[in-house]
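Hi everyone, thanks for coming. Let me put the structure up on the screen, and then we can walk through it together.

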Amino acid sequence: MTERLVRFNVDDLEKFAKAMLEAVGTRPEEAQYMGHQIVHSNLAGHDSHGMRRLIEYIDRALQGFAVPDAVPAIDVDRAGLVRIDGHGGYGHLVMRYATDVAIERARKYGISGVGIHNSEAAGRLAPYCEQAAEQGIAIFMFVNVSGRD
């Protein structure tokens, strides 16, 4: 059997991922962000966090594990220490929110610690580190790997 190389247009893959995520209830802007992160995981050489995971994310929503339209929120607030409830949402979206909070709190207090619970897998972590670095913030991340169930 001969192995075939199949090429896809990046924009088409992102649109496809966005459409699939929207079909299970993810809000359009968030589906676009998540689709971008998934496709760019492949482009960064991390296929384990790329398009091959899309069917898993869709399936978890269909089975009721992931809550595609969840809105993460701070449920414990102690100034520079914060805990975020992901409300069962996709980790990509919860981590983006958590990184925004970490950056804001680090600016305000000089340092911050942000914990997350009740969240799905976040995929490749590099985008969140880059998000902080672009704001001049150093970030350390520690995660579990089992999802929320």
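Let me start with a question: which residue lies over the face of Tyr 33? Have a look for a moment. It is Arg 96, at 4.2 Å from the ring centre. Please keep in mind that this is a predicted model.

Now, on to rings that pair with each other. A pair of aromatic rings is described by the distance of the centres and the angle of the planes. Searching the whole structure turns up 1 aromatic pair. The partners are Tyr 57 and Tyr 90, and their arrangement is edge-to-face, with 6.1 Å centre to centre and 65 degrees between the planes. Where do the two sit? Tyr 57 belongs to helix α3, residues 54–62, while Tyr 90 is in the loop between β2 (81–89) and α4 (91–109), so the pair ties together parts that are 33 residues apart in sequence.

And are these two buried or exposed? Tyr 57 is buried, with a relative accessible area of 5%. Tyr 90 is buried as well, and its relative accessible area is 2%.

Rolling a probe the size of a water molecule over the atoms shows where empty space is left.

Methods. Residues numbered from 1 in each chain as written. Predicted model: local features only at pLDDT ≥ 70, side-chain atom pairs only at ≥ 80, totals over all residues. Heavy atoms only, no water. Phe/Tyr/Trp six-rings, centres within 6.5 Å; stacked < 30°, edge-to-face > 60°. Helix = DSSP H or I, 4+ residues; strand = E, 2+ residues; numbered from the N terminus. Buried < 20%, exposed > 50% of the residue type's maximum accessible area, 1.4 Å probe, protein only. Lys NZ or Arg CZ within 6 Å of the ring centre and 35° of its normal.
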